[in-house]
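I am starting a page of notes on this structure.

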Amino acid sequence: MKEMTNNKKRNILVVEDDLINREILSAILSDNYNVIQAENGLVGLEILESGEYDFSLILLDIQMPVMNGYEFLEAIGQIPSFKSIPIIIATSSNATAEEIQCLENGASDFVVKPYNPDVILRRVGSMIRLSEASSVIDRVEHDAVTGIYSREFFFLNAENALLENTHTEYDIFCCNIMSFKMLQNRHSKVKIEKLLIGITKALKENFNSDSIYGKTTSHTFSVLTPHKSRENYESIVENLRNALKSLPISDAVVYFASYPSVDSSVPVMTLCTRALAAIEDIKYQFGKQFAEYNSEFNDKYIRRHAILGFMESALKEKQFEIFYQPKYSLAKGKAGGAEALVRWTHPELGFISPAEFIPLFESCGFITELDFYIADKVCSDLREWLDSGKPVVPVSCNLSRADFSHPHLAEVIEQIADKYSIPHNLLHIEVTESAYTDNMQVFLDTVQKLHNSGFCIELDDFGAGYSSLTVLSELDIDVLKLDMYFARNMELSKQRLILKHIFSIAQGLNMEVVAEGVETKEQSDAFREMGCTYIQGYYYSKPLTKAQFEEYVKEV
Ligand code: C2E
Ligand code: MG
Ligand code: MG
């Protein structure tokens, strides 16, 4: 409603090739309305499509060059958001049957030339009032851009269909446009609307007429449709993806999900949420754009939400505990260090693996709070050991890639260590290359700062992801932690060759090497032969409670 708010007058588009007639109509209307003129149908269409004005009415001439009134009616009949604009046909007194035919093609009324100002004003006024009243109703029921059911009416109509056709098996099909806000910022309103309209059209072409369509959020479409096989959906998704390629925003990423054979006793809104949960699940899986819902997704979704819901209170209630896994020094024949690993046992959910909750905490940023908490506990334990005269080995803490968004990460770690007066060489910091890929400069600066303050830097999971030697050349890494993958695949000659080179690089760069996930004597011996200095793995010790770890350090 851009123009209407700036200027209380409603906008009227006059499409008429005769300049004099246009001027007459403008003169009649301009006291009450803002009149925009177009000299033929094509110009009129361009003005509409520019999206610059919201029009309350169109006055349309029939005989025009370039694009006549019939063609204009046909063109705007294709565009749902223009369909609702009332159109009055301006016709000569001896109106032809064809002109009257326009009423059937979407026009609302006609006025006869020469124009009678009173008649024109009255017709225009009543037509606008009528159309605004019905559009209020329509806007509630239908989505203004796509013309399909709005959220509430989709749920209502879908529920009715489920109730009325108890013998039909139904599915829910959803499609979700990713990063919609970002697309809205990058593209014009008209382009976004064309995308939404394009998706609607493609959906209608791929589903039968007994399907019900809804625009269930700004970026989600839902369809209730008679049951189809998975293969059927796969080919529908293929068609939809092809259709998307020809739309004006070709970088829009759209995900699809089906929820087959829905339980009609479950509210349709819940069914749609479940289908979207299936989309959640594939969002980060490369190359996957279609998911079929099954109850596992729902369980996962519920569990994920439960975990996220419990995390804050878990921290307050000190449910997070630290386990220490020794790093066995092959040279000394005893623990030369340890890694602090977080453990969470929730009173209701029981033991939750860090492999499950850490990615969730990373997605919402909570991991940083947890990592600071763990660093604080580790320093407090180190202080206790130092004070009691017990043997002390350096302990490493893991930093998540998400921690690097914290503007003062290095400073906070330093403050924590200093709070307990821990010599910095007793606290090691484990970082992964994934943090480097996220934001190279921030990563390099932060790690360098930590290193310069005397903390020992360990590069975790080396060889697991997209390892690059650049990180090694650009940073002062003190310890290389070889990912478990190498221990698992040592018998492969290719892996051995790669390992040999890694060890010679490590030696050249003066780095110690820790082999992770070593479970057997054979693996340990093989690593020792290659020049490995530390072994961390079940063969020497599993992660231990604080008390167990104190015993281990004492005994070995
Ligand atoms: P990571 O840092 O690579 O830690 C090593 C993981 O390997 C630990 O799993 C450890 O229990 C496991 N492991 C050690 N030796 C063996 C072995 O011989 N065999 C097998 N199968 N596994 C072994 P965990 O504790 O489940 O931790 C998984 C990951 O969670 C860690 O991988 C680390 O990335 C992350 N993590 C754990 N604690 C924290 C934390 O406090 N903060 C952050 N940011 N991440 C953490
Ligand atoms: Mg680690
Ligand atoms: Mg690791």
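Entry 1. I began with cysteine 532 and found it buried, at a relative accessible area of 6%. This is a predicted model, and I read each value as such. I then looked for a bonding partner. The closest cysteine sulfur to that of cysteine 532 belongs to cysteine 456 and is 15 Å away, so the two are too far apart for a bond.

Entry 2. I turned to cysteine 456 itself. Cysteine 456 is also buried, with a relative accessible area of 16%. How many disulfides are there by the sulfur distance rule? The count is zero. Cysteine 456 therefore has no disulfide partner: its nearest cysteine sulfur, in cysteine 397, lies 12 Å off, while a disulfide needs sulfur atoms within 2.5 Å.

Entry 3. I moved on to the sheet. I traced an open sheet of six strands, in the order E6-E8-E9-E7-E10-E11, and noted that its pairing is mixed. Which strands form the edges? They are E6 (149-150) and E11 (290-292), each of which pairs on one side only.

Entry 4. E10, covering residues 254-259, runs parallel to E11 and is joined to it by three bridges. I looked up alanine 257 and found that its bridge partner in E11 is alanine 291.

Entry 5. Helix H10 (residues 189-206) lies across E7 (170-177), E8 (212-217), E9 (220-226) and E10. I noted the angle between H10 and E7 as about 155°.

Key. Residues are numbered from 1 along each chain as its sequence is written. Chains are lettered from A and ligands numbered from 1 in the order in which they are written. This is a predicted model: local features need pLDDT of at least 70, side-chain atom pairs count only at pLDDT 80 or more; totals for chains, interfaces and linings use all residues. Side-chain values use heavy atoms; hydrogens and water are left out. Two strands pair if DSSP finds at least two bridges between them. Helices (H or I, at least four residues) and strands (E, at least two) are DSSP runs, numbered from the N terminus. Contact means heavy atoms within 4.5 Å. Axes are lines fitted to C-alpha atoms, for helices over the stretch in contact, and angles run from 0 to 180 degrees between N-to-C directions. Buried means under 20% relative accessible area, exposed over 50%, partly exposed in between (1.4 Å probe, protein chains only).
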